[in-house]
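The following exercises concern a single protein structure. Please study the sequence and the model before reading each solution.

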Amino acid sequence: SMAHKYSLKDDQVPRHWYNIAADLPSMPPPPLHPGTGQPIGPDDLAPLFPMALIGQEVSAERMIEIPDPVRDVLAMWRPTPLYRADKLEAALGTDCRIFYKYEGTSPAGSHKPNTAIPQAWYNKQEGVKRIATETGAGQWGSALSFSGAQFGLEIKVYQVRASYDAKPFRRSMIETWGASIVASPSKDTNAGRAILAKDPDSPGSLGIAISEAVEDAATRDDTKYALGSVLNHVLLHQTVIGQEAIAQMKAADAFPDVVVGCIGGGSNFSGIAFPFVSEKVAGKDIRILACEPEWAALAREIGGDKVDVFAIATGYQNPHFVDPKPSYILKLSKADVFVESTRPGTLKQYGLDYETLSAANPGLIYLSFTDFGQDGPWRDYEMNDSANLALGGTMASSGYSDPTVTPIGGKGNQA
């Protein structure tokens with residue numbers, strides 16, 4: 001019968017991380033310091049990261065040993081399974097064999113602990129007591145909170161307010177592992193206070209949350225900063241995924257013609273793809289595809305929140321923003337449909353409300369998803385998971401006779 005799941009033994013957790021920099025024609029150029037315009041060196045990174053991670057950031061060593069204490073924690077859920085998606089193959093009517101690597105078995109439910117664990121351990125080894133970080137939907141915040149609990153570190157998480165409000169169960173997970181979490185922008189940092197002074201109802205953004213976490217780390221001697229994507233050492237740590245996948249493909253008597261990974265900050269993609277890059281360098285015929293939404297290129301073009309991470313560390317406390325209005329209006333003047341899900345009134349601040357855009361494009365269909373509508377007595381109420389579940393059941397079917405009563409309350413006004 002056809003095998004659906006390919007597992008490795010517990011002792012087959014990788015013992016090294018694969019460093020793709022060793023197989024590149026030349027080392028990537030270093031980032032430039034936003035204040036000086038010069039290449040960033042270890043002294044610039046030292047206020048934010050432990051020296052071991054800075055060393056990995058610039059390393060050209062091909063295989064970097066995974067410390068035993070890190071590997072011991074990874075072994076709680078690793079190796080993760082590889083599945084054959086035979087039902088998808090049948091649905092597509094294809095003769096291709098499709099496999100996928102499942103990273104949801106970690107305690108935090110994603111691939112993020114693959115780097116959170118070593119980051120926490122290296123900080124602990126260098127005497128760091130506390131780590132500050134940001135999170136959007138909460139996967140990275142959950143992963144670092146779990147990792148901090150493994151090594152006795154205090155974790156402070158700045159979560160984008162829109163997600164903080166919408167995902168109370170993710171907050172509970174983070175707090176269960178002993179971390180503290182605040183909505184960003186917060187009153188805990190200069191960057192957060194500056195945003196709130198301009199917009200007390202700011203829904204936040206990942207850029208703002210990063211700004212707060214970096215400021216937190218840069219202004220405390222006992223604190224470092226941790227990031228869950230983008231940086232070289234983060235991508236390095238994720239390569240345990242692809243190394244396992246190569247061994248599992250051998251067990252399936254197969255080798256991929258194409259490796260596909262989604263890409264945003266790169267942590268997911270690097271994990272599955274980078275070890276296969278080493279196979280390609282060794283002569284294997286393989287395509288490696290990075291996938292992103294169609295609008296991603298537009299998002300990069302427009303910009304949005306932009307924070308000079310190291311400028312904050314050197315005293316420039318205010319994050320700055322790229323005005324999205326001109327680029328958006330230019331794009332939307334040729335659009336047929338515009339879908340948005342911001343808080344009521346948010347886009348009006350940027351001149352991107354229905355009235356403004358319809359004047360530029362009278363045929364534009366403007367579709368807005370909000371918690372409780374753009375106007376009316378419940379306009380400013382915020383939806384969360386618990387409220388959504390409640391409103392989707394008995395409360396929703398029983399109705400309300402008085403629209404001035406709160407959507408969920410103990411006044412017994414259901415009709």
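**Exercise 1.** Describe the second largest pocket of this predicted model: state how much space lies in it, and which element supplies the largest share of its lining.

*Solution.* Step 1. The space in the second largest pocket amounts to about 740 Å³.

Step 1. Its lining consists of 24 residues, and those nearest the centre are Phe99, Tyr100, Val258, Val259 and Val260.

Step 2. At least two lining residues come from each of strand E5 (99-101), helix H12 (240-251), strand E10 (258-262) and helix H13 (267-281). E10 supplies the largest share, with five residues.

**Exercise 2.** Determine whether the partners of the salt bridge between aspartate 216 and arginine 130 are buried or exposed.

*Solution.* Step 1. The closest N and O atoms of aspartate 216 and arginine 130 are 2.6 Å apart. This pair links distant parts of the chain, since aspartate 216 belongs to helix H10 (residues 206-218) and arginine 130 to strand E6 (residues 130-135), 86 residues apart.

Step 1. A residue counts as buried when its relative accessible area is under 20%.

Step 2. Aspartate 216 has 6% relative accessibility and therefore counts as buried. Arginine 130, at 4%, is therefore buried too.

**Exercise 3.** Identify the residues that touch the most other members of the largest nonpolar core, and list the contacts of isoleucine 155.

*Solution.* Step 1. The largest nonpolar core has 44 residues, of which Trp17, Val70, Ile117, Leu144, Ile155, Ile272 and Phe276 touch the most other members.

Step 1. Leaving aside residues up to four places away in sequence, isoleucine 155 touches Ile131, Leu144, Ser145, Gly148, Ala179 and Ser180.

Step 2. There is also a second, separate core of 17 residues, including Ile54, Tyr158, Ala209 and Val234.

Terms used. Residues are numbered from 1 along each chain as its sequence is written. This is a predicted model: local features need pLDDT of at least 70, side-chain atom pairs count only at pLDDT 80 or more; totals for chains, interfaces and linings use all residues. Side-chain values use heavy atoms; hydrogens and water are left out. A nonpolar core is a set of buried Ala, Val, Leu, Ile, Met, Phe, Trp, Tyr and Cys residues joined through side-chain atoms within 4.5 Å. Buried means under 20% relative accessible area, exposed over 50%, partly exposed in between (1.4 Å probe, protein chains only). Contact means heavy atoms within 4.5 Å. On a 1 Å grid over the protein atoms alone, a cavity is a set of points where a 1.4 Å probe fits but cannot get out, and a pocket is an open set with protein on both sides within 12 Å along at least five of seven lines; lining residues have an atom within 4 Å of a point. Grid points are joined across faces, edges and corners, and a volume is the space filled by probe spheres set on the points. Helices (H or I, at least four residues) and strands (E, at least two) are DSSP runs, numbered from the N terminus. A salt bridge is a side-chain nitrogen of Lys or Arg within 4 Å of a carboxyl oxygen of Asp or Glu.
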